[in-house]
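Colleague: Could you please take me through how this protein is packed? I would like to begin with its helices.

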Amino acid sequence: MEHPPYRLAEEFDRFLGDPDDPGEVFSYARCAELDEKEEFPADICDRFQEWGLSDEYVPVEHGGRLHDYEQVLQLVRTVARRDLTCAIGHGKTYLGGVCVWVAGSAEQGARLGADIMAGVPVSLGLTERAHGSDLLANDVRTDDKADKADHWLVSGEKWLINNATRGSVLSLLTRTHPDGGPRGFSVLLVDKRELDEGTYRHLPKIPTLGIRGADISGIAFDGAQVPRSALVGAEGAGLEIVLKALQLTRTMCAALSLGAGDHGLRLGLDFAEERELYGRRLIDIPQARHVLAGAAADVLLHEAVALVAARAVQTQTAELSVTSAVVKYLLPTGTDQVLADLTGLLGARAFLKGVHANGRFQKVERDHRIVGLFDGNTLVNLNSLVNQFRPLVRGFKRGTGDTAGAGAACDLATPLPPLDPSKLSLVARHGSGVVAGLAASVEEITRRAARKSALDPVAEAARRLLAVTTEVHAEMEAYQGALAEVPAAAFEVARRYTLCWAGAACVGLWTQNTDRLGDDPGTGALWRDGLWLRAALDRLLVRLGEPAANGRETSEELLSALRDARSSGRLFSLLPQRVPERRPATPAAPSGETERTSC
């Protein structure tokens, strides 16, 4: 199946060249050098600009090429698979512009879009040193003066801001009413090129454990004159605009975790293929095979969730408050666990810089730790779900939610409608269409299993998922009124809900696409007989407290698919995509088998 976002990502990857070649601008060697120096990857970002990556951050209505959020997901994933610092440093511009895409005027959109496509870095000024995620406590403020009626006078400090120093433009959340409150903040599109130099200063770069070359710094204002025309949306609507914008960016953060998972899994597999231990290769030791198969299952699970979520941006916009919170919790924490499991496989070499793969594993592991903090940390996202327990429970009981939109998100052959930002909502009022569609998907798999016995394990796992999902919604009822003082147990229920949502997304994705993808020569083995779904549901059910259903046979099939993808030059992925990397020589084939040749 030719799926356009994957084809475009493959084209982009090929343009970037072989990352194992130190002569390429965007090579592993260059990224390691920049990391060691804690230097921003400016030359690599110039390479992105040459291809036109920035154009993909700007909606078509503002002059860019952004019409498909799944496409953005795959492009940023491609960058993140090589280096997270580059993905985060360059992708921050999308984050900086999204408030304008959500609520700005046509004039603001056109002007900002032109800047972004010209390569101007943009930033988002939210957090402050003393307040962290508590946006209602922010102190950066604007004052009105009679002699400056055509300007805002901005004062205060924003801290831990990505691209605060490098960025020329930033979307700034500022207090526009002295008393603050939900309607006391606004967003201003501040262009530093138009400010008097004496009215702002950059704060020093903050040394970080991971993404060491990124511009994580801050900015302080002292009576900076910002024109009234810089107001994005209505005065006092700043918090609502930011929270809606974060629904988009939290969903797109999935690309960072997908890329890190791709990279870590490949490094783990290569190590197991090459390393000899106790007189045999590590890949032949049962525990190592178990770890690799589990990591492979999680990588595909995360990809399935991200695919549905990215498409749901446009097909289920009104439910993005749930979708984004699920994805922003599940993928960073899940990928951290994948990397932790692979760390056990690599042992000491996971922490060393100059041994296995020039130390790339320790870099991707520490770089990825920060992803869980972006755009609302783990607890913020779980709390967002707790706050929506009431409509989620009600919707599940009634079978409501946007099930048509969920079906379109799961069906990769369905064209995506344009994004309508006016549909963004702080609460999914009618529940989750993805979860509401689970029962119908389970029935479909059960019907298929009646005709094909190889699907029996998948159908059984899907029925168990539906039963647990019903139980989780019953647990959610006890915390429907928990808004201010949220008990710890409610966060655990929210965690369980994210697993149910993920399972429903996986089941929907498989049922909608398996007939088209089962015959693909590259990835068909993952779809036929529900191999990837079988493995993903098993991982989810175990985390939901259920016993494992699929055993060694599933693990061995998945590991075989992983090794085959690596040896044949394909990304280990649900959909076919070739990668430009050189591949390790295939181990000698046992007697009587034909040895594969690496190309």
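**Packing of helices and core**

Modeller: Helix α4 (residues 69-82) packs against helix α5 (residues 84-103) at an angle of about 145 degrees, with their axes 8 Å apart. Helices here are DSSP runs of H or I, at least four residues, numbered from the N terminus; axes are lines fitted to C-alpha atoms over the stretch in contact, and angles run from 0 to 180 degrees between N-to-C directions. This is a predicted model: local features need pLDDT of at least 70 and side-chain atom pairs pLDDT 80 or more, while totals for chains, interfaces and linings use all residues. Residues are numbered from 1 along each chain as its sequence is written, and side-chain values use heavy atoms, without hydrogens and water.

Colleague: Which residues in α4 and α5 meet?

Modeller: Y69, V76, V79 and A80 in α4 meet L84, C86, A87 and Y94 in α5, where contact means heavy atoms within 4.5 Å.

Colleague: Turning to aromatic pairs, how many are there in the whole structure?

Modeller: A search finds 6 aromatic pairs. Rings of Phe, Tyr and Trp (its six-membered ring) pair if their centres lie within 6.5 Å; planes under 30 degrees apart are stacked, over 60 edge-to-face and the rest tilted.

Colleague: Why is the pair of W527 and W532 edge-to-face?

Modeller: Their ring centres are 5.4 Å apart and their planes are at 70 degrees, so the pair is edge-to-face.

Colleague: Is W527 buried or exposed?

Modeller: W527 counts as buried because its relative accessibility is 0%. Buried means under 20% relative accessible area, exposed over 50%, partly exposed in between (1.4 Å probe, protein chains only). W532, at 1%, also counts as buried.

Colleague: Which residues form a cluster through ring pairs?

Modeller: Ring pairs link F12, F26, F48 and W51.

Notes: Helices (H or I, at least four residues) and strands (E, at least two) are DSSP runs, numbered from the N terminus.
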